[in-house]
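Please look at the model below with its sequence at hand.

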Amino acid sequence: MAAAATSIAISANPRVSPSSKPFIPRFTSPLFHSPSDPTPVFRCLRISSSLPAPKAPKAVATATSTTFPATAETFVPRFGPDEPRKGADVLVEALERQGVRHVFAYPGGASMEIHQALTRSNTIKNVLPRHEQGGVFAAEGYARASGLPGVCIATSGPGATNLVSGLADALLDSIPMIAITGQVPRRMIGTDAFQETPIVEVSRSITKHNYLVLDVEDIPRIVKEAFYLASSGRPGPVLIDLPKDIQQQLVVPNWDQPMRLPGYISRLPKPPVSAHLEQIIRLISESKKPVLYVGGGCLNSSEELRRFVELTGIPVASTLMGLGSFPCTDGLSLHMLGMHGTVYANYAVDKSDLLLAFGVRFDDRVTGKLEAFASRAKIVHIDIDSAEIGKNKQPHVSICGDVKLALEGINKLLEAREMEQRYDFSAWREELNEQKANYPLSFKTFGDAIPPQYAIQVLDELTDGNAIVSTGVGQHQMWAAQFYKYRRPRQWLTSGGLGAMGFGLPAAIGAAVANPNATVVDIDGDGSFMMNVQELATIRVENLPVKILLLNNQHLGMVVQWEDRFYKANRAHTYLGDPSRESEIFPDMLKFAEACGIPAARVTKKADLKAAIKKMLATPGPYLLDVIVPHQEHVLPMIPSGGAFKDIIVEGDGRTAY
């Protein structure tokens, strides 16, 4: 009995802080055979693996802040060491051992056992979404804001398929996430049972890895592997599909099972070779017009990146995913490049003779016409995923490895020769400063109407650029990327690769859970907001201080912009209001907020905007501000799809005929 209460296991996960309080054991007694026979019966079901435990690499190459430190914390289990418990309880304890403190789980028939087990946990809190897609996007927001794996849980069938958009989004944006789904009992798999979908097959191409658990004894190993896979190398989502009979089966778990990932671990990138780093430094010394092109792979190496820029004086252009990895307020920041990037960022890449591409994948929304992108430059590409090297653009020098380790190595070499070799790119910077002066980000004001760009500028001013910002997808997303000045990594949460509308509100939930003391603002559009509006209920029930800045133009703004530019302004189902009452705002977003007990207000005049945003930020708890903006606004600059820098558009809006 005493041994059961004091048995320990080691948790080597960074999510568990040394200051965390151990949870109180609830189950310490072994199972008795019968009331009349008090002799305890211990059923030891432990199995051993023939595979040796893989040696942990000296430095796990990872593009997020998750590492696997040697320090450990005492873990106090709720069960005795040889006490049988349900598979669902094993799953929950496995999550606890990984340091999980929050999950986003929506119950159903095939996942009820997991939810029952969650109620027995003293350390894991479930934030109940109102739709499984809201849950998976919230888990993503949690992961993006913290750098730690987010966890979502859904039932089988429609519950599992409702996770698909979030899984695809996490894979494209390299977000560490664990999705757990209930499944019909093993004997019913393949019989078209009620609420059965083959979610492993459905999700195979949109997850980094997935598991169908067929043996209850595999749960500890699979969960350990899932977190390692999600967090190491290029991060991504891992799905665990758990049949209901496995959840109900009694077992004495073996927590000491080694991971069985020899092939994966052997393929993890090694630390960069100094000869390759020397080659990069030589290219820098030979260049006259170098530019840094940084992406989401740099979010975990922000300090190293800033030091590299300090040592070299090279200007920095960021992708949509890389915003915040280098401060937008720095004089060397060129802000965002690409389709809706700044003129000066795109100019810099076009005129550069050396392009340092760190943690990027040469996405089509950045490059446009590939042949014309950085056509004058030698290209250095550093990325953790070997599949990205040379996939879209062939580099002259490439390193497959962790950007953080590469920058650390380059910085050491630069610091060693700092006195003898100084870089002078002042003429290049002056040329770019001239472009900044000639082509700043700007907008026009028409009467009392509120320019959406101005609303974001005011938010940036009133929050001093320190808010965590999530967005939906569309014009508001691009304006939030352009006009809010991000100071640090993991401050900007957006669906980049997939472009999933409805992302902003649930992502803000995840960010608020991960950062309870931060100001979290969902800058949303009316189209995106409506796609997961039900999550207002979650925000109210959890009393999360999420502020919603709703840029409401009654249209699908980005599609309207393309209609204006390329389809002679012919409206093809892009008006979201009520055609019979075009003079009215429809739907009334304030009533959605009222239905969920969330304070809300509407502002229609530019003169009233600053006071309205001040009130939103000052109000405790959640708040919705409905900002009515004109639908004729266009996101500029704009390089048409498949175009080059020479095709950039800098003027015009929906008030002009094309």
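Predicted model: local features only at pLDDT ≥ 70, side-chain atom pairs only at ≥ 80, totals over all residues.

**Helix pairs**

Two packed helices are described by the angle between their axes and the distance between the axes. The table gives both values for each pair.

| Helix pair | Residues | Angle | Axis distance |
|---|---|---|---|
| H17 and H24 | 452-463 and 606-618 | about 45° | 10 Å |
| H2 and H8 | 87-97 and 219-231 | about 35° | 9 Å |

Take H17 and H24. An angle of about 45° separates their directions. The two helices therefore count as oblique to each other. H17 passes H24 in a right-handed crossing. On the H17 side, the contact is made by Tyr454, Ala455, Val458, Leu459, Glu461, Leu462 and Thr463. H24 supplies Lys606, Leu609, Lys610, Ile613, Lys614, Met616 and Leu617. By class, nine of the residues in this contact of H17 with H24 are nonpolar, one is polar and four are charged.

Now H2 and H8. Their crossing is right-handed. H2 brings Gly87, Val90, Leu91, Ala94 and Leu95 to the contact. Facing them in H8 are Ile219, Pro220, Val223 and Phe227. The contact of H2 with H8 has eight nonpolar residues, one polar residue and no charged residues.

**Nonpolar cores**

The largest nonpolar core has 52 residues. Leu292, Phe308, Leu355, Leu356 and Phe358 have the most contacts inside this core. Helix H15, residues 403-416, gives the most to the core, with six residues.

Phe308 shows how its surroundings are built. Leaving aside neighbours within four places in sequence, Phe308 is in contact with Ile284, Leu292, Ile314, Leu356, Phe358, Leu407, Ile410, Asn411 and Leu414. A second, separate core has 47 residues. Among them are Val127, Ile175, Ala500 and Val513.

**The glutamine site**

Where is Gln247 placed? Gln247 is in helix H9, residues 244-248. Is Gln247 buried or exposed? Its relative accessibility is 0%, so Gln247 counts as buried; the cut-off for buried is under 20%.

Which residues does Gln247 contact, leaving aside its neighbours within four places in sequence? The contacts are Lys86, Gly87, Ala88, Ala110, Ser111, Glu113, Ile114, Gly182, Gln183 and Leu242. One of these, Gly87, is also among the H2 residues that meet H8.

Definitions and conventions: Residues numbered from 1 in each chain as written. Heavy atoms only, no water. Helix = DSSP H or I, 4+ residues; strand = E, 2+ residues; numbered from the N terminus. Buried < 20%, exposed > 50% of the residue type's maximum accessible area, 1.4 Å probe, protein only. Contact = heavy atoms within 4.5 Å. Axes fitted to C-alpha atoms, helices over the stretch in contact; angles between N-to-C directions. Parallel < 35°, antiparallel > 145°, perpendicular 65-115°, else oblique. Left-handed = near helix turned anticlockwise from the far one by under 90°. Nonpolar A, V, L, I, M, F, W, Y, C, P; charged D, E, K, R; others polar. Core = buried A, V, L, I, M, F, W, Y, C linked by side-chain atoms within 4.5 Å.
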